[in-house]
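Hello,

Here is the structure we talked about. Please open it first, then read my notes below.

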Amino acid sequence: MTAFYDELETRSPEAREAQLLAALALQLAHAKLVSPALAEIFKDVNPAAVTSRAALAKLPVTRKQALLELQLASRQRGGSVFGGFSAAAFGSHMPRVFASPGPIYEPEGTARDYWRMARAIFAAGFRPGDLIHNSFSYHFVPAGSMMETGAHALGCTVFPGGTGQTEQQVQTMAELQPAGYIGTPSFLKIILEKALEMGVALPSVTKAMFGGEAYPPSLRDWFSAHGVVGYQCYATADVGSIAFETAAREGLVLDEGVLLEIVRPGTGDPVAQGEVGEVVVTTLNPTYPLIRFGTGDLSAVLPGACPTGRSNTRIKGWMGRADQTTKIRGMFVHPAQVDQIAKRFPEVMRARLVVSGEMANDVMTLKVETACSAPDGLSAKLMEAIRDVTKLRGQVEVLALGALPNDGKVIEDARSYK
């Protein structure tokens, strides 16, 4: 059985770099032709001259917040919901469109393995003919489709488990006996704990690929003790797969279809190898050609090659956020969303979202200051607004005016990652 998804994973670093940079110039020229937004951003750029990392580093970075603002502005004037970034329009060339918090809309094209997830799924141990229990969400966000299309490209069958209904998840796994699970680690932990409570054995579930949340060693050890070998992937709704874990357990190997840079947060300047900075990604996707897209995630490049024989660059993995945008239960929550909730209630003077708890048990609490005693029902209405805006459930704590720290924070991540 082959140890690699394809020959691209073992090509020489020099050959990979030359091929990626040659594709970059073509992608930039293509983007200027098909994407009005990128044509404007790169109006003074000659694509034929962008043939090196140094030339790439001179191009402007488009960050998630800017992408959101451009999409909103375009929609307000009756233009493209994608803000002019998508090369495809609704119809046969775009079978699905998704919405991430913001909302930011993402198109899905028709290319085989559009999100490039098959490579990561293969590295997690799945093989053609496997049945995969996919518990990523199948509504609004692209995670469910992202994994399903990758599994199909690998030759696997998928059960669309989605989220919730824990007892039914256990029953389905017991009857279908999938080879493994794809989803957040916290939800698989809940499923396995429910199976133990029900006295139901799940012997077939021995492998897993996780995303959407941090996957610390303590959680990896918990799964190992329960007979599951799990690997993590790093992907975003905007660009798809970025990097994936291998059997070496030494960082994450970059996907073969992206150019990655680590830059100093708030700038487009690449940092020295090993220094922590913001992940900036350029994809070769002709449908949604994001170039120098700032993910807002922090990471760092690891020296050397992966012990598995894969020759691509490795990164340490997700190391936090470069801004206050925070991932909670697999969903991004933006500071603007906290402000949107607070502005619905005139009695709320200030608001701060605090995320606490241990890994796989996130607790989201909206702390609000009011100038006078809180009116009856305010907490319940705020909880409803949290659910409406973020698609997540949260608690509410009403405080006196001046109780919150004066440090400019709108979202505080107080979780434990031990």
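In which sense do S12 and S13 pair, and over how many bridges? S12 and S13 pair in the antiparallel sense, over 4 bridges. Two strands count as paired if DSSP finds at least two bridges between them.

Some ground rules. This is a predicted model, where local features need pLDDT of at least 70 and side-chain atom pairs count only at pLDDT 80 or more, while totals for chains, interfaces and linings use all residues. Residues are numbered from 1 along each chain as its sequence is written, and side-chain values use heavy atoms, with hydrogens and water left out. Helices (H or I, at least four residues) and strands (E, at least two) are DSSP runs, numbered from the N terminus.

**Strands around S12**

S12 covers residues 277-283 and is mostly covered: 7 of its 7 residues are buried. Buried means under 20% relative accessible area, exposed over 50%, and partly exposed in between (1.4 Å probe, protein chains only). In the pairing with S13, Gly 277 has Ser 299 as its bridge partner. S12 also pairs with S11 (residues 258-263), antiparallel, through 6 bridges. There, Val 258 stands opposite Thr 283.

Glu 261 counts as buried because its relative accessibility is 6%. Arg 292 is at 0%, so Arg 292 counts as buried.

**Helix H4**

Lys 64, Leu 67, Leu 68, Gln 71 and Ser 74 are buried in H4. Seen down the axis, the buried residues of H4 fall within an arc of 130°, so they line one face of the helix. The arc is that of the directions from the helix axis to the C-beta atoms. Their cover includes strands S1 (62-63), S3 (104-108) and S13 (293-299). Gly 78 follows H4, with a positive phi near 80°.

**Ala 99**

Ala 99 is in strand S2 (residues 96-100). Its relative accessibility is 13%, so Ala 99 counts as buried. Leaving aside neighbours within four places in sequence, Ala 99 is in contact (heavy atoms within 4.5 Å) with Ile 104, Tyr 105, Glu 106, Phe 140 and Val 141.

**Other salt bridges**

The structure holds 25 salt bridges. The criterion is a side-chain nitrogen of Lys or Arg within 4 Å of a carboxyl oxygen of Asp or Glu.

- Glu 193 pairs with Lys 189, with the closest N and O atoms 2.8 Å apart. Both lie in helix H8 (residues 185-198), 4 residues apart, about one turn of the helix. Glu 193 counts as partly exposed because its relative accessibility is 35%.
- Asp 362 meets Arg 415 at 3.2 Å, N to O. This pair links distant parts of the chain, 53 residues apart. Asp 362 is buried at 12% relative accessible area, and Arg 415 is buried at 11%.
- Asp 6, Glu 9, Arg 116, Arg 119, Asp 255 and Arg 310 are linked in a network of salt bridges.

Best wishes
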